[in-house]
Amino acid sequence: MSVLERFERGLERAVNTPFSVLKKSEVKPVELASRLRRELDDHAAVLSRERTAAPNSFTISLSAADYAQLQTWGLPALATELAANLTEYAASQHYSFVGPVAVAFEENPQLSTGNFEVASGTSRGGIAPVGVAGESHPILDIGGQRYLLTGQVTVLGRDPDADIVVDDPGVSRKHLEIRVTPQGVIATDLGSTNGLFVEGHQVPAATLLDGNTLTIGRTRIMYWAGAPLAHEI
């Protein structure tokens, strides 16, 4: 019996539901667990020989029918089992998190029965006020492309002269500044049209914590404090 099969058997006992009675078109828990693992693998970032950082917050979007079915099982119990399974898998792959693994569900009426989507991110309980000390050698991950910030100031935007050019119509020409200071790594909105969001909160400036998610326009940026291997950038 595979690890995923053992997970499904354990979940059947937890929610007192035999999944063998599900229709072929309906979403099955083992499919959710498998997709979450793939999401974890796809977004894991090697920061050093000792550390591979991975997202710890997951949202599963389901069709109306599948969402209703999962509600009959008990969404909290299912989320707990999926998070535990994902945590166990991450340990076997030597992934590290910035916080506990959390799985949430949402209904998407545009999805058909049996189809679902998974989105991931990092969550460590909000943002820090400007002034909290951070580590050196920060890294920005933009769409899988990582940038080691060796300079004191890095400007992001659509302007060809920006230090990091972001091809996004929702991003201003000079949108965001990342400044490395003795007090921490500080992200500052440069008076952009659409603003800067850190962990979902719009802010004029914030000291970044390891694993923070920044959003400018439609572009999501991951911030990591640790230094990766030189050949990985």
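Q: Which strands does helix α4 lie across, and at what angle to β5 is it running?
A: Helix α4 (residues 75–92) lies across β3 and β5, running at about 135° to β5. Contact here means heavy atoms within 4.5 Å. Axes are lines fitted to C-alpha atoms, for helices over the stretch in contact, and angles run from 0 to 180 degrees between N-to-C directions. Helices (H or I, at least four residues) and strands (E, at least two) are DSSP runs, numbered from the N terminus.

Q: What kind of model is this, and how are residues numbered?
A: It is a predicted model, where local features need pLDDT of at least 70 and side-chain atom pairs count only at pLDDT 80 or more, while totals for chains, interfaces and linings use all residues. Residues are numbered from 1 along each chain as its sequence is written, and side-chain values use heavy atoms, with hydrogens and water left out.

Q: What about α2, which strands does that one lie across?
A: Helix α2 lies across β3, β5 and β6, at about 40° to β6.

Q: What is the strand order in that sheet?
A: The order is β5-β3-β6, an open sheet of 3 strands with mixed pairing. Two strands pair if DSSP finds at least two bridges between them. β5 (102–107) and β6 (116–121) are at the edges with a single partner strand each, so one side of each has no neighbour in the sheet. The twist averages 20° from one strand to the next.

Q: How do β3 and β6 pair, parallel or antiparallel?
A: Antiparallel, over 6 bridges, with β3 covering residues 57–62. Ile-60 has Val-118 in β6 as its bridge partner.

Q: Switching to charges: how many salt bridges?
A: The count is 3 salt bridges, each being a side-chain nitrogen of Lys or Arg within 4 Å of a carboxyl oxygen of Asp or Glu.

Q: Which residue does Arg-35 meet?
A: Arg-35 meets Glu-39 in a salt bridge at 3.2 Å, N to O. The two are 4 residues apart in helix α2 (residues 29–43), so about one helical turn separates them.

Q: Buried or exposed, that pair?
A: Both Arg-35 and Glu-39 are buried. Buried means under 20% relative accessible area, exposed over 50%, partly exposed in between (1.4 Å probe, protein chains only).

Q: And what does Arg-173 pair with?
A: Asp-159, at 3.5 Å, N to O. Arg-173 is partly exposed at 47%, and Asp-159 is buried at 10%.
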